[in-house]
Each structure stands twice: as structure tokens, then as C-alpha cells.
Amino acid sequence: MSAENFLSINWSIMTPEFIILGVAALLIVFDLFMPKTLGRTILGWIGIAAIFAALMSVASMAGGPAQSILSNTFRIDGFSIAFNMLLLLGAALVMFIAVSYEAKDGLEKYQGEFYYLFLIAVSGGMLMTSSGDLVTLYIGLELLSVTSYIMAGMRKDHVQSNESAMKYVINGGISTAIILFGMSYAYGLTGTTNLLDIAQKLSTLSDANQAYLLGLAFLMLLVGLSFKLAAAPFHMWAPDVYQGAPTPVTAFLGVVSKTAGFVIVIRILLTVFGAAVTNGPGSAPIIINMQNYLAVIAGATMMIGNVVALRQTDIKRMFAYSSIAHAGYLLVALTTLSANMFYSIWFYLLAYLFMNLGAFAIIQVVTEKAGSTKITEFAGLYRRSPVLAVSMGILLISLAGFPGTAGFIGKLNIFIGAFYGTSHYLLAAIMIATTVVSYFYYFGVMTQMFFRPVADKSKLDIPFGIVIVLLVAVAGSILFGVAPNIAFNFMQNNLDIIGQFFK
Amino acid sequence: MENAWLIPLFPLVSFVILLLIGKQLKERSAYVGILATFVSLVFSIVVLFQRFFEPTYSAKFNWLTIGDLHITAGFEVNQLNALMLFIVSLVSFLVHTYSKGYMHGDERFSVFYVYLGLFTFAMLGLVISPNLLQTYIFWELVGLGSFLLIGFYFYKEEAKAAAKKAFIMTRIGDVGLFIGMILLFWQTKSFEYSEIFKAVNAGQVSGTMITLTAILIFVGAVGKSGQFPLHSWLPDAMEGPTPVSALIHAATMVAAGVYLVAALFPLFLASKTALLTIAIIGAFTAIFAASIGLVQTDIKRVLAYSTVSQLGYMMFALGSAGYVAGVFHLMTHAFFKALLFLAAGSVIHAVGGNQDIEKMGGLWKKLKLTGPLFLIGTLAISGVPLLSGFFSKDEILAAAWEGGHPILFLLALIAAFFTAFYMFRLFFLVFTGEFRGKDEKHVHESPGSMTFPMIVLGVLAIVGGYVNTPWFGSYLGDWLVQGNAKLGSGHAEGPVWIQLAATLFSLGGSFFAWLIYGKRSVSRDWLSGKGGILHTILLNKYYIDEFYQMTIVAISKGISYLFRFIDVFLVEGLVKLVTSIIQGLGKLGAKLQSGQVQTYGAVAFLGLAVLVVIFALTGGYLR
């Protein structure tokens, strides 16, 4: 490639990625040359600044046309902008939680490392969002995964943390193998890795036997990718890893990594299998035929997540199951394939980001002080810190999908979407029933906080970073619950997801 | 009326203020709450008067967009809403005032007012909602308020359990409501009441769908209004502070179910099956709860079962197409039941927290104000002529007779008898005879902040019924159905004997209660002064006493125990069964989570394998 060619590429659309990666590289250098005696928290704040700069840069692209560079491997469209904003917003909040995290159990030696690994992980997620090619998708996925494995095990003197990293890497390996196997079918049948090219070729597929093979590929990709979503049947790692990982990492895995997971699922499944025909040109796309499988996964995920959460006595494990359950609700939106699907998923992830990150911020404050992650550590929190208890209360009712909160609107979007076109009565019924079940464990925490006597009377200090997270999370949970049209109008006026997604 | 939306906001402001600085204000918090609800009350009265002369006012704006559907939010002041605004803000204001005395000295005094503010906001918001979704949102919010207030004494194990139970049990009903709402939305493309009625009247919705959605929505009302079989949370909810029982679990929130059915009445009218279901459930609940009330010994639980039973009455009225009767009874019940609860609170306050009626007695002499006020409430609820309850109960019975349910009508009559019986039993055990508790000297009348609300309610419990009587005109009824002929006539024309029968049954119940519980202490002159017939019967008291002990009391106790049995073993058992299945599944799932990383991988592979095998067996794309 000549220099002229190189410069003619419209690199500017990669500005957000460059900002994140550039600052990550800077942090590596800083960390190397900074004296050992200096605290590394400042690096975290630089990271936050970088994330906000990237967020601004992404937001400034909103409203523009779909663009792609590097022979269509990297693309900016309504979808990538919308979900990149989610990723970056989530990342910023996680970073606020991280700078308020007191490094110990071996993490103190690697605190700087933690911040730049985190930025690299975020850039992996962003790459996935904006890629138009199986190869770049896969690279983004691995960038995110490998850094996450490391971060989960960064408390090197902490047995559980090590165990969790080990489990995570093994399960991640299995899932990657399955994903690659599935991708290889798509490549094998079309001879290209570009998503749009694959879609175009498969839309004229005339051999029904090849469509059968693609059906198998669909199942493999679905199961393989369910690892990232922490959805059934690949959900079992989540509780162990969530419990062992440092709380900021748990928050990252629960929110940012899951958002990235949904991004890749939508990109691959919708582009490839939304185009591939079942039985000669003009027949129904494969994804329509596979709706039942999606429904089974969604239903199983909701049931497993909510039912097993009932038995948990550890708050982080409980939130792991709760996050499995939320993945199930999101899969319901995917299953319905309604016109409203993109918005439903995007809005739900937004609401989920607020309520979950807020909750993790509080979990971090409470569990770090207590030195244990038992749910009973929340007993009498209202007496110790009314602010934390009331915030947690609001976030919990949002998680439970209580009216007046963003969580409710998110569920309502999905629920109504389930009746769009073909009605998915059974799935909707499971969603309602499991939501009722979820009330039990969310309100279990509420009862602990408000209705139990205090075990430990000491006051809790709330670090500055946590204050910010809580402000954003609580305000977001209420604002989007009371005035949900703010988000809708933003989407409607600035981003054309459906129009740009398939082009 | 354009500013009616402000009414719910005052309590919300009070809620926010007290949430922020309640701790500093301590007991002065009460003034903030009282002031806020007072302003709401004044506004409500103005709105109510305006509504007498002006047509319905409604306003809305675009709130939520899902796909190409636009969901609106706003408010509406129609007759029912204006009346509810008045009832809710009045009772709330009185309870705010009363609590100042009742909760005095509680270390979480300001928190109590915070919760009260939240609840009042939600309840006022509920009654001006112009669409189902908004109603549902406030519906859940009042549930949250109720949950917090029931669990207010959280250091008591029972209070904690009761709060949880109330929340979960009403949630079960809410699921029905939610599904019904969504189905209705799907049929009519709107959550708005007016749109829904338009679609239903135009025949756009099939008959079965109307029945289905109406019954599902009624399930929500069953949960909220403590109807059989979702009633058992309500008596347990008495663990909350007594002012809360008066406000939430007697006058307002539990009546929300009745309000919901009334607000959606045109929908229910379109389905005979749904109406019949409501009538049956209502009538059965009325007699079922009343009979349980006969043997309770906790003053608040007696009143709680009585509430359940009276709510059943209202449902029964609505189910018999007696729109006016149901709403009318809702109003009078709010007055006299709130009065009874506040008076009961005053009694409990006087005897130092004891609620067992076996340990009370002879309080008439000590509580010079509470006693007569409690008596007014008792007379009103029993349907003794000339008090408010008499007129509304009469209206219900007439509507039932017109509606053509002779068996249910009979059940309602018997329930009226039971009501009079257990209420007077309560009255006599508490206020007459000898004091059976300890520390009699300590018994004292409550402070002015507590007696004032009771006096207001006492007056209303007497005169509240005269807005709608067969003798002086049915103003309330005519106004309620004005401009909406579908709701039925403003007054049900029943034969005269119904009024006589109702009177006879309620007086009969009162009389037997007196024979059994009151006769030892009440002087003969007092009774003979009331009427000669009673006096003659009294002469034979010995036989009658024995006779009724053996028959009426034994039979009613038998029924009562039978229903208790159903309550404890069948209904609760069913609930237990469902929860234990879920718990069991949870246990199983947790067991699978062995911590072995091989298992995790294996499960994933197994999952994939199962999906692939199904895919292969079903022929893949061919389905």
C-alpha cells in the first residue's frame, strides 16, 4: 500500500478508537516511568478523560451517513454509533468505580496495568460494534476477552480471584472454538469474510442442503456467543467469575462486556442469517426459521437466572444470576425480530447500564468495608447510610421492573414488542412469571437494607467516584422511567439504525 | 379544573422535603405533611364543586413511543375522579393530622410522614389517570407505599412478614391486571379509557376477548381490594401503624380495586360473564370475610375482615350493574371505616398498645369522645337507619335485586346480619362491662390532634349518606351517571320490603350481639327506652340466650372455622405449593452449580448438542 493510498483512507471515522488506544499506550509509558511510590489512581482519571473524549467524538458522528473504510471491514452506521455510546458511557462509569476501588490482595502492584488493560478491552468492544467483517469482529472479540481474563485475575494473592480468571479463560476458550467453527461454515459457503458480501451471496442461495449447514452454523454461533451474554447454556461461568473478580471488573463484565456481546450477536445473526434464504431465492430467511431456537434460549435463560438467584446468599453471585436473567429478557427482544427490536434492546441496555452499575458501585462500598460479599452485609444499611440505601432501593426497583423507573419502560418495550407481528404468548408469559419471581430476591435485599437491625454500626464513606456513578445511575433510572421519550426522540432524530444496518 | 394535576404534587413535595430534611425537622415534619395534604384537600374540594357545574376536563401529552405507537400521559377530571380526589385527600389529611398524636415519640417519626407523603401522592395520581398504563404505574406505586408502611415496625417479625406478603400477593393480582391491560391495548391500540370504551362499543373487540380482559383486570382488583382468594394479606397488613390501616387498608388503597372496576365499568358492562364473576366473588367475599370476623379477638383484625367484607359488598354491587351503589358505598365506607380504625387506634393508644379485645372492656366511661364516635361508626357500618351506611347498603341491595341474583342477594343480606353482629360484639366487648386488662388508671382519652379527625369523620359517617337517599333524592347518583347513560340509572328502585329486610337483619345482628356480649352491663332502662319490643324479648332472655348460643353462634362459628380452614390450608397451601416448586427448582439449579469448570463446559456442549439434534430431527429448515 502506497503512502498516498494510505492517506486517502478516511481515518477520521476511527477517531474514537484512536483516542482510546492512544491514551492506553500513553498510560503504559507513564506507568513504566512513574516512580513506584506514586499512586496510580491518576492514571485512572486520565483514562476517564479519554473515555469522555471518545464519547464526544462518537456523539459528534451521530446523524451522518453510513461510512466504511478498509474494504468494508470497519464501518460507522447508526447501529455502531448508538451502541458505542452505550459502551463508552458504561466504561466511564466502570472507570469511576475502579478509581474508587481500594487495591489490595496483590492488585496494588498492577493498578496502572489495570487501567490500560481496561481501555484496551473497551477498544475491543468498540471494534466489534463498528466492524463489517468476520475477521475484525473476531479480533475485537478476542481483544475484549483476553484483557478481561487478565483483569479478572488481577488480585494475585486472592485465591478466588485466581480461580475465577482460570475458569473464565477455559470457558472463554471453549466458546471461541465454537464461534470460530460456526463462522467457518459461513466462510466456507461463500468464500468471503465480509458480512455484507456473505449476506448478498447467501440471499441467492439455491441449494437447500447448504441452507441446512447454515442452520447448524447458526446454532453454533448462537451457543458460542451466549458465553459473552452469559445466557443459557453458556451461563455457568458467570456466578463463579463475578464472585471472584474485583468488583469493578465484575461491573465491567456484567454491563460493558454483555453489551458488546449483544452487539456481536446482532451483527452476525441479523446480517448473515437475516439474508440467507432457506429454500431458494425469495424464500424466508433462516433467522425466521430459527426463531423458536432463540425463544428456547431466551426462555431457559430467564428461568435459570431468576430461579437460581433465589437461593443465593452472596450478593455478587445473586447479581450474576440477575444479569443472566436480564440477558434472557434482552433475548426476548431479539427473538421477536420486530421493527422495534433495535430500539428495545438499546433502551434496555441503557436502563440496565444505569441500574446495574449503580448497584455495583454500592456493592463495592458495602462489601469492601465489610470484607465479605454476603447479602447479610446489607442489613440495616438504611441506618448506616440512608443515601446508599435509598439509592440502592431505587436501583433495585428499577432492576425488578417497577413502574416509574427505566427498567419498567425497558421491559414494557420488549413486552409489547413480543406481540408485534407474530405474537409470542408463551415467551411473554415466561417473562412476566419470571419477573414476578425476581421480585423475591430483589426485595430480599430491600428487606435487609430497610427492615433489619444493623450488625456493624460504623459509618460508610462514599468516595467521590462512587458519588458520581450514583448520581448518574439514579438520575438515569428515574429520568428515563418518567420521561422515556427523551431517549426515543434522540434515536429518532439522530440515528437511522434500521436504514443503515443492512447497507 | 385545569390545575387538578397539582393536587397529587403537594404530597410529593412534602415527600421530597421530608426525605431531605426530615431528620432535622423531627416531629415538626408533621406540619409539612399536614399542610401539603390540606392544600390538596382544598384544591380537591374546589375541583369537586367545579365538576358539579362544568363538563369533564382532560389533558394529555405524548409520553412514550414504541415503534409507531404513541402512548400518552395526562389527567382527567370526571365525576368519579373528582369524588375520589375528595375522598382520598380528605382521609389523607385527617390521617396526617391524627398521626401527629398517634406517632408521637416514635424515633422514626419523620420517616413515617415521608412514606405517607409518597403514598398520598401515588393514590391521588392514581385517581386522576386517564389511561390504563398510568393507572398501572400509580397502582404499583401505592403498593410500594403500602409495603413500606406495613413494614414500618420492621423490628417486629410479623410486620416484616406481613409487608412482604402484602407486596407479593398483590403482585399476583397485578400480573393479571398487566396481562389484561396489554391484551386490551393490543385489541384497541390504546391505553386510554375513552378510546377503549369507543372500541368496545363499536364492536371492534370480540366478546370472548372482552370477557377475558375484563376478568384479568378484575384479578388485579381482587389482589388490591383483598377479595377472595387473594384476601389474606389484608388482615396481616394490620401489623402496620393504625393510622396507616385507616388510610391505606380501609379507605383508599384497598378501594382502588373497586375504583378500577368502576373506572372501566363500560368494559365490564359489555360482558355478562365478567359481571357475574364479579358479583359472585364479591358476594362470596362479603359473607366469607364477615363470618371470619365473628371470631377474631384482635380489634384491628376484626376491622380488617370487616373491610374485606365491605369491599366484597362494593364489588357485588358493581357486579350487579349497580355502578352508583358501588361508588356510593365506597364513599360512605371510606368515612365510617376510617372513623372506626382511627377510633380503634385511639382505644389502642388509650390502653397502652394492647389490641386484644378480651383484655379491654368498660372503656365507655373513660373514653368520653372515642366511645360515642366508635358507636357512630358501628351503627353506620351495621346499616342502622338514618346513618350513611344504611343508605348505601340499601342502594346495593336494591341494585342486586334489580340485577336479578336472588341467591347472591340473600348472601348479602346474611352478610349484613353478620356485620352488625361482629361490629356490636366488638363494641360491647371493648366499651361495656368491666375492664379486663391491667393498669386501668393509665387509660386516657387521646389528644386533640387525634380526636379532631375522628369528629370530622363521625359527622360524615352520619350525614354522608344523605347525598343519595330514596327519600330526599339521589343527587350523587344522578350526578355520577350524568352524560353517560350506559352506566345505568342514578338510583336503583327496589321494593320497599328490601329496605325493611335490610333494617331487620342489621338490627337483628346488633340485637343478638347485645344479648350475648352486652347484656350483663347495659342497664335495662337504657334498652327499654329504645323500644318496647326489645324489652319483651328481653324478658325471655334465658332461653333465647341458650338457644342462640347453641344455634346461631354455633353455626356461624362452624362456618367461620370452615372458611378459616379453606383459608389456611387451601389458599395458603396453593401459594406454598407454587413457591416451594420454584424454591425447589432454585435448589436444583444451585446444586448443578458445582464449581467444576468441566461441568460448565459440558453443560454448554450438551446444550449445543440438544439444539443440533432437535434441528436435525425436525429436518432443519423444513420444520
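# Two chains and one buried helix

Biologist: Which residues of α16(B) are buried?

Modeller: The buried residues of α16(B) are T370(B), G371(B), L373(B), F374(B), I376(B), G377(B), T378(B), L379(B), A380(B), I381(B) and S382(B). Buried means 20 or more other C-beta atoms within 10 Å of the residue's own, with C-beta atoms placed from the backbone. This is a predicted model: local features need pLDDT of at least 70, side-chain atom pairs count only at pLDDT 80 or more, and totals for chains, interfaces and linings use all residues. Residues are numbered from 1 along each chain as its sequence is written, and chains are lettered from A in the order in which they are written.

Biologist: What span does that helix have?

Modeller: α16(B) covers residues 370–382 and reaches 18 Å from its first C-alpha to its last, close to the expected 18 Å. The expected span is 1.5 Å times one less than the number of residues. Helices here are DSSP runs of H or I with at least four residues, strands are E runs of at least two, and both are numbered from the N terminus.

Biologist: What follows α16(B)?

Modeller: G383(B), with a positive phi near 80°.

Biologist: Which residues does L339(B) contact, sequence neighbours aside?

Modeller: Beyond four places in sequence, its contacts include L373(B), I376(B) and G377(B). M454(B), L457(B), G458(B) and A461(B) are also in contact with L339(B). Contact means C-beta atoms, placed from the backbone, within 7 Å.

Biologist: And the largest nonpolar core, how many residues?

Modeller: 428. V261(B), L339(B) and A412(B) have the most contacts inside it. Such a core is a set of buried Ala, Val, Leu, Ile, Met, Phe, Trp, Tyr and Cys residues joined through C-beta atoms within 7 Å.

Biologist: Which helix gives the most to this core?

Modeller: α15 of chain A, residues 341–370, with 22 residues.

Biologist: Switching to the interface. How many residues of each chain are in contact?

Modeller: 47 residues of chain B are in contact with 53 of chain A. On the chain B side, α25(B) gives the largest share, twelve residues.

Biologist: What is the chain B side by class?

Modeller: It has 28 nonpolar, 13 polar and six charged residues. Ala, Val, Leu, Ile, Met, Phe, Trp, Tyr, Cys and Pro count as nonpolar, Asp, Glu, Lys and Arg as charged, and the others, Gly among them, as polar.

Biologist: How many helices and strands per chain?

Modeller: Chain A has 22 helices and two strands. Chain B has 25 helices and four strands.

Technical notes:
Two residues are in contact if their C-beta atoms, placed from the backbone, lie within 7 Å. A residue is buried if 20 or more other C-beta atoms lie within 10 Å of its own, exposed if 12 or fewer, and partly exposed in between; C-beta atoms are placed from the backbone.
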